[in-house]
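Here is a short briefing on one protein model. It covers a metal site and a set of charged pairs.

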Amino acid sequence: MTISRRRLVAGAAVLGTATALPASGPAWARPQSPGPGAAGTGRPGKPGKPRKPGKPRKKAPSPATSATEPFTVPLTVPRPLRPLRLAGHDFHRLTTGEADVELLPGATTRIRAYNGLMSPLIKARRGRPVLIRQVNRLDVPFAMHLHGGHIPQRYDGHPMHQAEPGDVRYYHYPNEQRAATLWLHDHSHGTGHGHHHSDSAESIYRGLAATYLLTDDFEDALPLPRGRYDVPLQIRDARFGDDGTLLYDPQGFLDRPTFLVNGSPRPYFEVAARKYRLRLMNTSNDRFFLLRLRDGTPMTQIASDGGLLPAPAQAWAVPLWPGERIDVVVDFSDRPVGSQVVLESLASFPGETPDVMRFDVVREARDPSSVPGELRPAPDLGTPVLEREFRMRFDPETGRHLINERVFDMNRVDFRSRLGETEAWTVVNDDVEMNIPHSMHPHLSHFRILDRNGRPPGPAEAGLKDTVTVAPGETVRFAVRFTDYTGLFMYHCHMMNHVAMGMMGQMETVR
Ligand SMILES: [Cu+2]
């Protein structure tokens, strides 16, 4: 009836992250055995009446309850922002500012938004640069970082380049990298006082997260699901007040019980009985999701942070940590019209509703798509010529999160890297006693995992990554080669509450 821990760990082992799920420890990492309301395996969704488009929903419940009542709101699938096409570039205007939007039915929520939108979508094409004119109408500083982007330092969203309230900044993204699901988020770093205090954790929490979907010819030549069957899903947690206010408490990251998908609380999504490509993104500050389809429908993972995997990987459950992206193909073709499939997180805390969203199969469809047995070979990053070690730990004395015993200092360069040289980074999580997960996200270049606790990565971690999570006591090694752009770049844990408490450093890339 319930999925056993052994089976869960075995499932994760296929993904090469078995030890990211400690057998004991705090709830953040402990797979919850499905409780009441969380059916175990083998219960297909009740065939219900397909929802007719245009049919009004039942009367909206009060916002306070709707925040926790799943499947009453349709998924918002963002339409791509329309660029101006200029001399070989796509030109976008992005205004960051506060906006009042309806996330919970019948309630207004003030968010920090790009162009007034929650989870907007920018589509970009390899070989065609994107130019963005960004106006900051917030009353806090803002620095835009393209997570996973290979871009010059001055456009990387370094805190020294942050736009103060009222400022205009231009960002130029070359798009000379492989197709991948990237995302745009705030990277400002707090000055620490009063009115202008800002940090990226809060701005991301309040809504400054956009999907940046980069495509290319290589990927287009594959028969994968595309167009309306290729859907970005920004998944995150949040906490709402009774009046719909988005409540932010930096230390309250264990108490954010509402899951949002593209801004919709636990939505339903009407699908055809065919294959879909789902681009799963974890845009939470600190929440870990272990995603699976409740009825046991397998997911085929085809991509990770840096784009397509060398080969697809079958998964019953997909671990997704903050900042990470995993693209899966899900096939609804053997589901009868009228059936429903729930996506849930097995890592929910006791007492939480594990439901993330529901797929409602509402029609038949022709499906010319398929998943080839080989996708895209990972690039050869060369043989490492030097080693670096990063030890991550929380210091209970100071309440700071440390990398190699230091907190972030914008006036300190932690090390220099030579462009073109392959490095091996060893990331060690020393928080065994405190039992806190950490991750590593270097800017500028993607990396390839060499080993996790001495063992080579499984198929799900065999492609390019830009963020890797290291469980307490774990050691992960990866090869990385910084190329093309000199200057100061950040590297940091992607648990945003840790970043706010110092878990970041900066490197300088040199020729
Ligand atoms: Cu951390």
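The model is predicted. A copper ion has three named protein donors, His438, Cys493 and His498. The structure also holds 41 salt bridges.

**Copper site**
- The copper ion is held at 2.0 to 2.2 Å by His438 (ND1), Cys493 (SG) and His498 (ND1).
- Along the chain, these donors are spaced as H-x54-C-x4-H.
- Cys493 and His498 are buried.

**Salt bridges**
- Arg325 and Asp466 pair through their side chains, at 2.7 Å from N to O. This pair connects distant parts of the chain, 141 residues apart. Arg325 lies in strand S19 (residues 325-331), and Asp466 in the loop between strand S28 (464-465) and strand S29 (468-470).
- Arg325 counts as buried because its relative accessible area is 0%. Asp466 is buried too, at 1% relative accessibility.
- Glu202 bridges to Arg206, with the closest N and O atoms 2.9 Å apart. Both residues are buried.
- Asp334 and Arg335 form a salt bridge at 3.4 Å, N to O. Asp334 is exposed, at 59% relative accessibility, whereas Arg335 is buried, at 18%.
- Shared partners join Glu219, Asp230, Arg277, Arg279 and Asp327 into one network of salt bridges.

**Arg452**
- Arg452 sits in strand S27 (residues 447-452).
- Its relative accessible area is 5%, so Arg452 is buried.
- The Arg452 side chain makes a polar contact with the side chain of Glu461, at 2.9 Å.

Notes
Residues numbered from 1 in each chain as written. Predicted model: local features only at pLDDT ≥ 70, side-chain atom pairs only at ≥ 80, totals over all residues. Heavy atoms only, no water. Donors = N, O, S within 2.8 Å, 3.2 Å for Na, K, Ca; no water. Buried < 20%, exposed > 50% of the residue type's maximum accessible area, 1.4 Å probe, protein only. Helix = DSSP H or I, 4+ residues; strand = E, 2+ residues; numbered from the N terminus. Polar contact = N/O pair within 3.5 Å; in protein donor to acceptor, adjacent residues only side chain to side chain. Salt bridge = Lys/Arg side-chain N within 4 Å of Asp/Glu carboxyl O.
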